[in-house]
Every structure is written in C-alpha cells, then in structure tokens.
Amino acid sequence: MDFELPEEIRLLRDTVRKFVDRELIPIEMHSMEGPELKPEYKKSLEAKAREMGLWQLDTPAEFGGQGLSLLALAVVWEEVHRSIALPNRGDGVFGPSPRPILLRLPEPMKQKYLYPLLRGEKSAAFAQTEPEAGSDPGRMKTRAVRQGDHYIINGYKRFISHAKGSDFLQLVAATDPEKGSRGGLSVFIVDMDSKGLSIVRENHHMMGDVTYEIALDDVRVPVENLVGEEGQGMREAQSWISRNRVHQATHGLGVTQRCLEMIGKYAQQRVTFGEPLSKRQAVQFAVADLYTKYQTGQLLTHRTAWKVDKGIASRHDAYMCKIFCTELGFEAADRCMQFHGAMGLTDEMPIEAMWRRSRSYLITGGPAEIMRATLAREVFKLYQ
Ligand SMILES: Cc1cc2nc3c(=O)[nH]c(=O)nc-3n(C[C@H](O)[C@H](O)[C@H](O)COP(=O)(O)OP(=O)(O)OC[C@H]3O[C@@H](n4cnc5c(N)ncnc54)[C@H](O)[C@@H]3O)c2cc1C
C-alpha cells in the first residue's frame, strides 16, 4: 500500500498552493461584491489560472478540459478552500465546470447548451429543491406533462443558486408523481427566457450566498429537452453527487488546514498570564485533536476519491467523507475563532466567514442526519 500521492498530483498541489498563497489570500478580505467575485479580480485571476495551467481541470479531455481524476481534483479543491477569496459556491476562476448531465446530451443539444457553456458564452443553474421537497425530492410538486412534442411544466422551485444571470436551468420535475424519486422524476433543460418562467424572490444566506425562487406557469419545453429517459431524473441528478460530496468534504479540509496554520502561529505569539497560549494544555489538546482529525479526514477523502476514480466507491464512502470532513471544518473554524478571542469575531479576519461557510455545508449536499441514517442501515446489514 502506497500512501504517497503520485508525483504529478504533488506538483499540481504545489502549483495550486502558490496560486492560493500569492493570488487569493492577499485579496481575500476585499475580493467579493455581495455573493460575486469583483469583476476586475475575476478577469485577472482567470488569466492567472490559465497561465498556470489551472484551467478547466474537471472537464473531460474530449471536451477540451484536463479531465483530472477525482483524487487530483480533491487535492486542488482542498488547497483552494484554504482561502475565502472566491465565492462559497460556484465555478470560481478555473473555467466552466459542466455537470455530467450536459456531457451526455445528444450532439444537437450539446451544440445548443454544452459548447456555449464551455466557451463561457452561456451559464446554467440546477433546480431541484422546492418548498415541500428539499432533502426528500420524492415530494416534488413541479409537474411536467407531455402534450404532443412538448412538455408543459408547472411548479415552484426555491434555493436555486445562480438562477439570476443564467441562460438555462437543469430542472428536475415529476413526470409520474406516484413513483416519486423511484422512477417518477425527470430532468429537463429549460431556457430561462421561456414564456411562463419567472424569478419571483431571492433569499440571502448568512454565508453571503444568494439563492432564487422560480415560478413555472405553463412553461412549454420541447421533448428533445428531456435529458435521458423519462423517469431517470434522480439517476441523472445524482450522477455527480458523490463527486460533489467529495468536493464539500475538501471544503472542510481546506478550512481545517488554514485554521491550523492560523492557530499554530497565533497560539505561539499571544501571551496571557505570562505564557503563550501554546503552553496551555487546553489549547494543546485542541490543536493535537484537530491535527489528528485533519490527517484522518484527508486520508478518508483521498481514499474515497481514489475509489470513485476506480469505479468501486459506494455512496456510503462519500457519505462518511462528507459527514466527517464538513463537521471537522466547522469544528476547526469554531476553535480557531475561540483561540483568536474577539479578533476572531471581526470581519478583519477570515475566521468568521470560514465559520459561516462551514456551517452551511452541514445542511447542503445532504443533511448529516439523513446520511447517517442511511449509513447506519448499511452498517447493520454488515453485522446481521
Ligand atoms: C446556499 C444554498 C444553495 C443551494 N443551491 C441549490 C441549488 O442550486 N439547487 C437546488 O436544487 N437546491 C439548492 N439548495 C437547496 C439545498 O439542496 C436544500 O436546502 C437541502 O437539500 C435541504 O433541504 P431543505 O432545506 O428543504 O431541508 P429539509 O429537507 O426540510 O430538512 C430540514 C432539516 O431536517 C432534518 N432532517 C430532514 N430529513 C431528516 C431525516 N430523514 N432524519 C433526520 N433528520 C432529518 C435535517 O436536520 C435537515 O437539515 C441550496 C441551499 C443553500 C443553503
């Protein structure tokens, strides 16, 4: 068993680390304008990322990207999440990152949606969540009913990231409500300028993210905009979910790495009652535990990514990885805040933003309770 990362991934990690240390951390306290990266930073960081070979890392090579393995991506993402310079969720500055749904479209649909997205001419949002269907998409009320060569879609979506400014939605709707998430949901590509589609409200979240509520009132969508087969919506929507969970786990790892760097330095400088914080057992134990958990989480994440790359991961691998590392990220940000005292609460340091962002990952991408419950069922099967 070899625990060393392959050399090309180590080199890539060093390059990304340089990018983060030189380009992101210095601007992170003033890089954003609301939920977006300021346009001037976006432009220059994208140019820099291209120059350093950090462009379209996760797009398959046949579509002009680098087609990196998930293991390599996990290493990249962890480094990037050491900084809060980039938006919490979104494409960042490393080029378009299409969902697998789009990569599998038939050629004429690729011409219309995928290639413009890869060229940066179009952007997309993913719309599944509804007021009554969050963690449980089977309760979805948005209906798509076939009429001749069109589907008529009626319903309401909420918490949709990037809906404003996007050109099209990858929308999940019920084609057979009786079957729910077991064969009753389908994915459609829906143009944002379709008649009957409107953004009716926006929600502002504590992490700075903005999401949108979308009403669909008799929206007509051609049958060719159905992705895959009718009833395969959950499979289509979930096809990227293990990757996404690994991505969320790397957020926790990146935050933990940065918090360890910050606690490590500060605890050795800050003196109270005649001794630096680093000499206090309460601080030492917390640092030792965080470091141990960081190493554990990183091993788990690399192993999960490696299993996904080999096609042998179960969804439970990604659950364990996501639960452990997102909870670790929040714990690390919380400890880092505590040891920095009042300074940690100010917006002059990145800690409070890391704390807010990390908290959100305990809810999005699958709440921990649901993943734990599913995981427990699997564990009980092992010990019948
Ligand atoms: C910033 C942000 C961006 C988002 N972007 C998108 C997007 O682009 N597209 C999209 O479709 N959605 C998006 N979402 C929605 C997100 O996916 C949902 O919020 C998530 O699926 C949870 O659904 P919910 O909020 O309705 O919570 P609910 O499903 O109502 O769950 C609420 C809480 O109940 C508990 N719970 C639920 N079920 C169980 C159970 N079985 N056992 C024990 N406890 C349980 C958990 O603690 C959970 O947190 C976004 C959300 C946020 C915050």
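Student: Which residue forms a salt bridge with Arg 201?
Tutor: Keep in mind that this is a predicted model. Side chains of opposite charge can pair when their charged atoms come close. For Arg 201, the closest N and O atoms of the pair are 3.0 Å apart, and the partner is Glu 213.

Student: Which strands hold Arg 201 and Glu 213?
Tutor: The two residues are twelve apart in sequence, so their pairing ties together separate parts. Arg 201 lies in residues 197-204, which form strand E8. Glu 213 lies in residues 210-222, which form strand E9.

Student: How many residues apart are Lys 381 and Glu 378 in helix H11?
Tutor: These two form a salt bridge, with the closest N and O atoms 3.3 Å apart. Both sit in helix H11, residues 368-382. About one helical turn separates them, because their spacing in the helix is three residues.

Student: What is the N to O distance between Lys 179 and Asp 176?
Tutor: Lys 179 is partly exposed at 48% relative accessibility. Asp 176 is also partly exposed, at 26%. Their side chains meet in a salt bridge, and the N to O distance is 3.7 Å.

Student: Now the second largest pocket. Which helix gives the largest share of its lining?
Tutor: This pocket holds about 490 Å³ of space. Its lining has 15 residues, and among those nearest the centre are Phe 3, Leu 299 and His 302. Helix H1 (7-24) and helix H8 (281-310) each supply at least two lining residues. The largest share is six residues, from H8.

Student: How many residues of that lining are charged?
Tutor: Sort the lining of the second largest pocket by type. Seven residues are nonpolar and three are polar. The charged ones number five.

Student: Which domains does the second largest pocket lie between?
Tutor: Look at which domains give residues to the lining. Two of them do, so the pocket lies between them. They are domain 1 (7-99) and domain 3 (240-382).

Note on methods: Residues are numbered from 1 along each chain as its sequence is written. This is a predicted model: local features need pLDDT of at least 70, side-chain atom pairs count only at pLDDT 80 or more; totals for chains, interfaces and linings use all residues. Side-chain values use heavy atoms; hydrogens and water are left out. A salt bridge is a side-chain nitrogen of Lys or Arg within 4 Å of a carboxyl oxygen of Asp or Glu. Buried means under 20% relative accessible area, exposed over 50%, partly exposed in between (1.4 Å probe, protein chains only). Helices (H or I, at least four residues) and strands (E, at least two) are DSSP runs, numbered from the N terminus. On a 1 Å grid over the protein atoms alone, a cavity is a set of points where a 1.4 Å probe fits but cannot get out, and a pocket is an open set with protein on both sides within 12 Å along at least five of seven lines; lining residues have an atom within 4 Å of a point. Grid points are joined across faces, edges and corners, and a volume is the space filled by probe spheres set on the points. Ala, Val, Leu, Ile, Met, Phe, Trp, Tyr, Cys and Pro count as nonpolar, Asp, Glu, Lys and Arg as charged, and the others, Gly among them, as polar. Domain bounds come from an automatic or database domain assignment.
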